[in-house]
Amino acid sequence: MEALLVNKIKNKEELEKAFAIRRKVFVDEQNCPPELEWENEEESVHFLAELNGTACGACRWRKTDLGYKLERFAVLKEFRGKRIGQALMAAALADLPDDARYIYLNAQLHALPLYARFGFIAEGEQFEEAGIQHFKMVKKS
């Protein structure tokens with residue numbers, strides 16, 4: 001049986017693993033400009049997913065002027081389809097403060113169904129961010 005663990009990042013070594021995953025997914029695979037990828041790191045709470053001890057996914061949340069924003073969900077290509085994105089989302093949501101009322105994210109189109117499973121609803125017009133089409137989604141339930 002495969003062992004999937006998602007933990008809040010506690011040290012620089014784990015953070016580097018998360019950054020390597022994000023670099024591979026966003027910069028290398030999706031051609032996002034690197035300077036857009038590395039923003040707001042210090043004020044974010046980061047998570048690392050490991051499958052059988054191998055780092056395979058990452059995400060983060062941070063408090064903004066609007067509320068709590070979930071960001072940078074990334075799963076390495078060879079690990080997709082193994083519910084790692086769901087595990088990351090569940091861990092990030094469970095970690096938010098009890099008073100988190102407004103929870104939102106900017107979703108790439110292919111990820112809309114994943115976020116919808118967790119009660120997020122698309123709002124507003126489709127938009128481009130880092131050359132990729134997105135919808136803002138807000139948690140409703």
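**View 1. Tyr104 is a buried residue, with a relative accessible area of 7%.** Buried denotes under 20% relative accessible area, exposed over 50%, and partly exposed in between, with a 1.4 Å probe and protein chains only. The model is predicted: local features need pLDDT of at least 70, side-chain atom pairs count only at pLDDT 80 or more, and totals for chains, interfaces and linings use all residues. Residues are numbered from 1 along each chain as its sequence is written, and side-chain values use heavy atoms, with hydrogens and water left out. Lys136 lies over the face of Tyr104, 5.2 Å from the ring centre; such a charge has NZ of Lys or CZ of Arg within 6 Å of the ring centre and within 35 degrees of the ring normal.

**View 2. The structure contains four aromatic pairs.** Rings of Phe, Tyr and Trp (its six-membered ring) pair if their centres lie within 6.5 Å; planes under 30 degrees apart are stacked, over 60 edge-to-face, and the rest tilted. Tyr102 and Tyr104 form a tilted pair, at 5.4 Å centre to centre and 40 degrees between the planes. Tyr102 is partly exposed, at 27% relative accessibility.

**View 3. Phe73, Tyr115 and Phe120 are linked into a cluster by ring pairs.** Tyr115 and Phe120 are both buried.

**View 4. Arg60 belongs to strand E3, residues 54-63.** Strands (E, at least two residues) are DSSP runs numbered from the N terminus. Arg60 is buried, with a relative accessible area of 0%. Among the residues that Arg60 touches are Glu39, Glu41 and Arg72, where contact means heavy atoms within 4.5 Å.

Note on methods:
Helices (H or I, at least four residues) and strands (E, at least two) are DSSP runs, numbered from the N terminus. Lists of a residue's contacts leave out its neighbours within four places in sequence.
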